Amino acid sequence: EAVRRVLLLGEGNFSFAASLCGAAGTHVVATCYESEEEVCGRGRAAESIRRLREGGAEVVFSVDCTKLKDYFLPEEREFDCIYFNFPHCGRKAGVVKNRELLARFFHSSAEVLTEEGEVHVALCNGQGGTPADQPRREWHNSWQIVAVAAGAGFILSNVRPFKAETIHGYKCTGYRSQDKSFCIEGALNHIFTRSTPLPYFKPMICEIELESRKVSFQVPQILVDKINRGFLELNSNHPVQTVKEKLTAELNKAFPLQNIDCCLSLLHQGHLNGVCHSNIFWIILSPEESPSTEEMSNGVANAVLFSHVDFCKDTDKNGWMNVQEGCHISKQYYLRPSLLPYAQAIIQRAAFLPGTIHVLSGPVFRKCLISPYSMPVFHEVVFVCAVNRGTENSCIQMLVNSIKTSIHALHQTVSGSKLNINLQEATSFETTELNDFSAFESQLSEIQYFICMEIDTSRSCEKGSCVGIIRTELIGSELVVVFASLNLDLLAMLICGISDWRMLWTSDTRFLHQFPRGRLRLFKSFSLYPPSYVHDVSFW
């Protein structure tokens, strides 16, 4: 098993380092800013240094915490944890100088820390400037530790009380650079981890099979990191897959199920039933059908002109057709805004079994306003069932009961807060509550019910969120088809207390580590108290 390397900085009398020495699988490197002669004059320091050396630890003197890589060879710079307890510039240094010290320390730490390593900084009560401090100082009078650490690429991932009484033999020292103790009642240990670098996504070409031909197209920039993520694959640990599995397992108790996800194309063409054109990510646009000025202002101007297979035959070495700009085309394509058209196509082809629920699921794409609960891409699941005319209401009730049961079961494993799921008739529903079903506003006349979910909690999730819709369609004179569409992403967010849809798409491994296979938990943010800024702008 790999040995965990721990670096301690700014030790006063080495009593903290001595308490860690001897832990199994841990190699301690204890340092201080002063020389050995200066330190050994402090009470109990010589004894602690002797214990450290006898225990196999390294003791290094005259180490400047702002230039750490200068003291270690390249192969010795990979520390798993760095401790800096009660840093201070010394004597009567004010908050500005101590902020500068911390800023340079964090930059220096980034050069000697492993990718998944931690930096622990203990501060006296009030110094950090975070809501964890009680009482909390005014921002300008604190060390602003979160903002200072962010400058070096660190995020505050945890805050714990610094309990000196639990550390065997520990005695704080160094008040105003003297061998005197200071008050550490209410002190806090701030634990930092690396933030993921701001991603820069290169233009992405997506290759799919369309109309029995292989085609490629450029993915819209906002969706570059959201295509082909595989969140709904069978071996996925993602919360949206867990929610889907629970829903389908519960429905399978009342209905036979048939999954038909494999044949669904990312691109769709044809009439857009009830979806506003300005909400669509266009991929192919015919020159003969150029958008109007009004449509251009609503976002259609970003459409890309691509060749159609019947007109341009340019292919690459792998046989993929390169859809080229400016070629004459005869069809419009767009990224699918919903799976309901695919469900309707199944009904029209009569490729269904009455009484069987057909399940379609996958990501869908819509332009939308910027908001923590408005998503340009989310995972939709559609349940389709054909029943005899006159029995559709009982079918809807069974569907809703199964959905309620599965969501309640998931929620109970996560939180003890009260959960309400109800069915609201479309005639009494306000469109302002639609969240990511806002694309259906022009289709309200065809929707019978909205599935709404409300969690009675102090968390930041919205209340009364619309998580799904139900509609029916008459087929012939005998059959009625019931369609139920659910937003899996919104369900996962509400159940797990995730306050921003972008977290579902993060590539940070710390997110998925919170959701082991088949288990949902209350999401714990690994970036605490991020700085927020409010700017007023006036135009004259």
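Predicted model: local features only at pLDDT ≥ 70, side-chain atom pairs only at ≥ 80, totals over all residues.
Me: Which residues of H10 does H6 meet?
Reply: On the H6 side, the contact uses Pro-239, Val-240, Val-243, Lys-244 and Leu-247. The contact residues of both helices divide into 7 nonpolar, no polar and 2 charged. The H10 partners are Leu-488, Asp-489, Leu-491 and Ala-492.

Me: Is H6 largely enclosed or largely open, and how many of its residues are buried?
Reply: Buried here means under 20% relative accessible area. The list for H6 includes contact residues such as Val-243 and Leu-247, along with Gln-241, Thr-242 and Glu-250. H6 is largely enclosed by the rest of the structure, because the buried count is 10 of 13.

Me: How far does H6 reach from its first C-alpha to its last?
Reply: H6 has 13 residues, and at 1.5 Å a residue you'd expect 18 Å. The model comes out close to that, at 19 Å.

Me: What is the strand order in the open sheet of 7 strands?
Reply: Start at the edges: E3 and strand E6 (154–161) each have a single partner strand, so one side of each has no neighbour in the sheet. Pairing across the sheet is mixed, and neighbouring strands are turned by 20° against each other on average, ignoring direction.

Me: In which sense does strand E7 (residues 188–194) pair with E5?
Reply: The E5–E7 pairing runs over 6 bridges. Among the bridge partners are Leu-123 with Leu-188 and Glu-118 with Thr-193. Going up in number on one strand goes with going down on the other, and the pairing is antiparallel.

Me: Which residue of E7 does Ile-155 stand opposite?
Reply: E7 also pairs with E6, in the antiparallel sense over 7 bridges. E7 is mostly covered, with 7 of its 7 residues buried. The residue opposite Ile-155 is Thr-193, also the bridge partner of Glu-118.

Me: At what angle does helix H4 (residues 95–109) run to E5?
Reply: H4 lies across several strands of the model: strand E1 (4–9), E4, E5, E6 and E7. Relative to E5, the helix runs at about 155°.

Me: Is Ser-62 buried, partly exposed or exposed?
Reply: Ser-62 has phi near 55°, positive though it isn't a glycine, and sits in the loop between strand E3 (58–60) and strand E4 (79–85). Its relative accessibility is 39%. The cut-offs are under 20% for buried and over 50% for exposed, so Ser-62 is partly exposed.

Me: What about Asn-228: buried or exposed?
Reply: Asn-228 is another non-glycine residue with positive phi, near 60°. Its place is the loop between strand E9 (213–218) and H6. With a relative accessible area of 61%, Asn-228 is exposed.

Technical notes. Residues numbered from 1 in each chain as written. Heavy atoms only, no water. Contact = heavy atoms within 4.5 Å. Helix = DSSP H or I, 4+ residues; strand = E, 2+ residues; numbered from the N terminus. Nonpolar A, V, L, I, M, F, W, Y, C, P; charged D, E, K, R; others polar. Expected span 1.5 Å × (residues − 1). Buried < 20%, exposed > 50% of the residue type's maximum accessible area, 1.4 Å probe, protein only. Pairing = 2+ DSSP bridges. Axes fitted to C-alpha atoms, helices over the stretch in contact; angles between N-to-C directions.
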